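Subject: Structure handover

Hi,

Here is the structure I promised to pass on. Please open it alongside this note; my findings follow below.

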There are 2 protein chains.
Amino acid sequence: MIQTIVLKDRPEGKPTVSDFEFLTDESDITIKKGEILLETVYVSVDPYLRGRMSDAKSYIPSFELNKPVHSGVIAKVLESENEKFKGGEFVSGMLDWKTKQVSNGEGLLKVDENKAPLSAYLGILGMTGLTAYLGLTQIGKPKAGETLVVSGAAGAVGSVVGQIGKLLGLTVIGIAGTDEKIEMLKTKFGFDAGINYNTSKDIKAAIAKAAPNGVDIYFDNVGGSISDAVLFNINKFARLIICGAISLYNSIELPQSVSVQPFLIKNSALMQGFIVSNYADKFPEAMKELSTWLAEDKLAYTETVVNGFENIPTAFIDLFEGKNKGKMIVKI
Amino acid sequence: MIQTIVLKDRPEGKPTVSDFEFLTDESDITIKKGEILLETVYVSVDPYLRGRMSDAKSYIPSFELNKPVHSGVIAKVLESENEKFKGGEFVSGMLDWKTKQVSNGEGLLKVDENKAPLSAYLGILGMTGLTAYLGLTQIGKPKAGETLVVSGAAGAVGSVVGQIGKLLGLTVIGIAGTDEKIEMLKTKFGFDAGINYNTSKDIKAAIAKAAPNGVDIYFDNVGGSISDAVLFNINKFARLIICGAISLYNSIELPQSVSVQPFLIKNSALMQGFIVSNYADKFPEAMKELSTWLAEDKLAYTETVVNGFENIPTAFIDLFEGKNKGKMIVKI
């Protein structure tokens, strides 16, 4: 039996469980020459998937209605008629939300469970780690001694960004939504300071206090009022890496923010939309750095692991409530 | 007798004549060794001066209250005790709003009235031309065949940006506020299309129609709702040169706009605040290009010349009403 999750309706505002439908297929699977049969082991749920559920023009095509959703997946090779793969191996790739599926192997990478836990290949050694490393280095161009602010700092990408910032000699300030997360930023991830946007009365003033020399680099995962508050604190030649805007993704009305233009002009500052896939030529360099730091125990990471294929939609929806710490993963 | 204009009050919202004060000094001027005595010939009034009249943190210091305002000026050397200058020569530089003043010559450039009209050194061969050329080339990185949108297109900088865009093989669309200006963009400056933001019911749709292949480069002089409308039309890897925000400079409330972050992410787009003074190392190259084009009659320029030292404040205030076509200059 194969279970599949398809997109039934395009979400309006926050996604709900009823936007998804579970289908069951009892037919047998036989693979042809060149194909492999995969069993899903881990599924990554990520905020950017929300964008693909809309039908607005975007950098990647929208999901089709009544077709399987897909995202980063770790799968086990059950059977192989493809000489590049053997039964029992594990692969990572963009795959459907199915318990089992057939692939021709294209776009799949083998992953080694002896080098790192399998789930790490969806996070610190996957798109999460690459996004953090390449966003910070390619656009942020950090120089030791500068000040970095990270929003969504306790999230999968944010917590890695902050740690890389420290490894590169920056002062790192994280913004997150609970005291527990702030504590984790400082104790587990080595951030210099943290700001709880839910309890801080004046985020702008809190940033000014935590960053007395101003903000040189802002790694933005959230958009909205938190990013507005950062603008007031940027330095001349600041670099703002626009990686995500989770606070705006579910907005039905067109979101409004403080006008950025005057801040950019008076600081000769840069804002750059960042998508990791544009930097594929830098993946090997980035993987090398990340693997080395991980092996040297210099990068900690946190996962929130939810169990059960049936809980994929809920785990995805919970991202928008900030219920995850670090990378949100579903174990099948 | 020397007349001086000082900043009496920091404007709230739109500047008024009463924010300025005229002082008269009857004392004789004698210059010391190394000094020159200058007589002001032309004064440049520019939107960016509004920012210097506030006391907010900016890229250049605020003007001090009860001190002379200064801006780009062309002056005649009346007397010289400085071996680098001779009586009768003309210079350009950042000088006070005074009918006569003493200088040590620092930061002044000699200008040649035989090569171009003196006022051109405040415009097409001055900061205006350098801003247009360097903003477009250094940040816009234009490739022939791309589409450029210019706001404030009939202004001093905008009209030059559009012409350079055409010289570099771009499709050029200008946005301005009267039909007369739109006509001028097309007939005098060679723009491919123009949009009158005052009569267009839907600027976003008008841009989509004028730029069927989308917008690759946006040279932004205005900010606000016009820039919001451009965002909906940008292409992947678009470059947005944030050069001015005249629609926001007089705002007393903190201006709000459409949130830019989702547009930047989905298009991997760049917004960069631009100040020409950061590119001083490129001035010689830019001046060479601009002078060559001007000599070859490939660049037209428009000036609005107001007569009389006493009219400097009014000429400055009129910028915010769009009363100028091209560079606004006061002839003393």
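I start with a helix pair in chain B. Helix 2 (residues 127-139) of chain B and helix 8 (residues 283-295) of chain B have axes that come within 10 Å and cross at roughly 105°. The range for roughly perpendicular is 65 to 115 degrees, so helix 2 of chain B and helix 8 of chain B are roughly perpendicular to each other. Keep in mind that this is a predicted model.

Which residues of helix 2 of chain B meet helix 8 of chain B? They are Met127(B), Gly129(B), Leu130(B), Tyr133(B) and Leu134(B). On the helix 8 side of chain B, they meet Phe283(B), Glu285(B), Ala286(B), Met287(B), Glu289(B), Leu290(B) and Trp293(B). The contact has nine nonpolar, one polar and two charged residues.

Now chain A. The axes of helix 2 (residues 127-139) of chain A and helix 9 (residues 283-295) of chain A come within 10 Å, crossing at roughly 105°. Helix 2 of chain A and helix 9 of chain A are therefore roughly perpendicular to each other. The residues meeting there include Tyr133(A) from helix 2 of chain A and Trp293(A) from helix 9 of chain A. By class, this contact divides into nine nonpolar, one polar and two charged residues.

Next, the domains. Chain A is divided into domain 1 (2-123 + 301-331) and domain 2 (127-277). The C-alpha centres of these domains of chain A lie 29 Å apart. Domain 1 of chain A gives 18 residues to the contact, and domain 2 of chain A gives 16 residues.

Leu148(B) has Val172(B) in strand 9 of chain B as its bridge partner.

Elsewhere in chain B, four bridges join strand 3 (residues 36-44) of chain B to strand 6 of chain B, and the two run antiparallel. Leu38(B) has Gln101(B) in strand 6 of chain B as its bridge partner. Side chains alternate along strand 6 (residues 100-103) of chain B. Gln101(B) and Ser103(B) point to one face and are buried.

Helix 6 (residues 224-231) of chain B is largely enclosed by the rest of the structure, because seven of its eight residues are buried. Among them are Ile226(B), Asp228(B) and Leu231(B).

Last, one residue. Phe20(A) lies in strand 2 (residues 20-25) of chain A. Is Phe20(A) buried or exposed? Its relative accessible area is 5%. Buried means under 20%, so Phe20(A) is buried. Beyond its neighbours within four places in sequence, Phe20(A) contacts residues including Ile5(A), Met53(A), Trp97(A) and Phe316(A).

Best wishes

Terms used
Residues are numbered from 1 along each chain as its sequence is written. Chains are lettered from A and ligands numbered from 1 in the order in which they are written. This is a predicted model: local features need pLDDT of at least 70, side-chain atom pairs count only at pLDDT 80 or more; totals for chains, interfaces and linings use all residues. Side-chain values use heavy atoms; hydrogens and water are left out. Axes are lines fitted to C-alpha atoms, for helices over the stretch in contact, and angles run from 0 to 180 degrees between N-to-C directions. Angles under 35 degrees count as roughly parallel, over 145 as roughly antiparallel, 65 to 115 as roughly perpendicular and the rest as oblique. Contact means heavy atoms within 4.5 Å. Ala, Val, Leu, Ile, Met, Phe, Trp, Tyr, Cys and Pro count as nonpolar, Asp, Glu, Lys and Arg as charged, and the others, Gly among them, as polar. Buried means under 20% relative accessible area, exposed over 50%, partly exposed in between (1.4 Å probe, protein chains only). Two strands pair if DSSP finds at least two bridges between them. Domain bounds come from an automatic or database domain assignment.
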